Each structure stands twice: as structure tokens, then as C-alpha cells.
Amino acid sequence: MKKNVLVYGLISGICVAAFMSASIAYCYSKNSFEGSMLLGYTAMILSFSLIFVGVKNYRDKHNGGLITFGKAFLMSLYMALIASTLYVAGWMIAYYNFFPDFIEKLAAYQLSPAKISQMSPEQAGAVRQQIDM
């Protein structure tokens, strides 16, 4: 069980961190964050789907096709913990070493005249308030 948790948790974490770094680099090269949320969530879903693959692999190869809910839940939890930790570590490395002005660029994009013109005054005020926090 430990080997499956480590292997699939590490693969999932490396994938989600790599996708995240690539999507930020893409946004920087295009100087636009349009579609980045869709790209980011798609990458997370694909990466975290490896957790299912890890549990299924353990069930089929090590348990003869049977696994209890509790054991599957714990395996999934541990794999998600490993993957999420790697995601956060990857985000911190990318932010501090490669994209230190990410927040400023995102704020400028969110408050750009083209974006603000699509919002009501209340929505624009809420975005400004969130960014100022």
C-alpha cells in the first residue's frame, strides 16, 4: 500500500505542479490570463485522476479485486496529501523564483478596462476590494 501511495501521489503531484507552471508561463508569454482558469482546473482534474488509478491498481494487483471503502479512502487521502504538498511546493518555487510579479499582473488583468467594462459597478468594486486585501 505504501509504495502505491507514494508512487501515484508523487506522479500526481509532479503532474499538477508541472501543468501549473506551464500554464503560468503560457499566460506570461501571451500577457493575458484569458482561459487560464479552465486550463488550471483541467490540469488538476487530470492530475488528481491518478489517485483513482492508484487505488484501482492496488485493488486489482495486490488485493485480488477487492478493497474496503476505508482502505481506499485512506489511500486516496494520503495520495491527495502528497500531490497537494507537491503542488504547493511547486507553486512556491515558481512564484518566488520565476513569477514574483504574478499577483500584480493578475490584478492588472482583472482591473483592465476591457474586464471592468463587462462588470457592473458593484462587481468591479468587489474585485478591487478583494485585490486590496
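The crossing of helix α1 and helix α2 is right-handed, a label used when the near helix is turned clockwise from the far one by less than a right angle. Please note that this is a predicted model, in which local features need pLDDT of at least 70, side-chain atom pairs count only at pLDDT 80 or more, and totals for chains, interfaces and linings use all residues. Residues are numbered from 1 along each chain as its sequence is written, and side-chain values use heavy atoms, with hydrogens and water left out.

Helix α1 covers residues 2–30 and helix α2 residues 36–62; they pack at an angle of about 170°, with axes 9 Å apart. Because of that angle, α1 is roughly antiparallel to α2, a term for angles over 145 degrees. Residues in contact (heavy atoms within 4.5 Å) include Tyr 8, Ile 11 and Phe 19 of α1, and Leu 39, Phe 48 and Tyr 58 of α2. This contact comprises 13 nonpolar, eight polar and no charged residues.

The axes of α1 and α3 (residues 69–97) come within 7 Å and cross at roughly 35°. This crossing is also right-handed. Its contact holds 18 nonpolar, six polar and no charged residues.

Finally, the largest pocket. Its space is about 560 Å³, and 21 residues line it, with Phe 33, Ser 36, Met 37, Gly 40 and Phe 102 nearest its centre. Lining residues have an atom within 4 Å of a point of the pocket. Which helix gives the largest share of the lining? Helix α2 does, with six residues. The lining divides into 14 nonpolar, five polar and two charged residues.

Technical notes. Axes fitted to C-alpha atoms, helices over the stretch in contact; angles between N-to-C directions. Helix = DSSP H or I, 4+ residues; strand = E, 2+ residues; numbered from the N terminus. Parallel < 35°, antiparallel > 145°, perpendicular 65-115°, else oblique. Nonpolar A, V, L, I, M, F, W, Y, C, P; charged D, E, K, R; others polar. 1 Å grid on protein atoms, 1.4 Å probe; cavity = no way out; pocket = protein on both sides within 12 Å on 5 of 7 lines; lining within 4 Å. Points joined across faces, edges and corners; volume = space filled by probe spheres on them.
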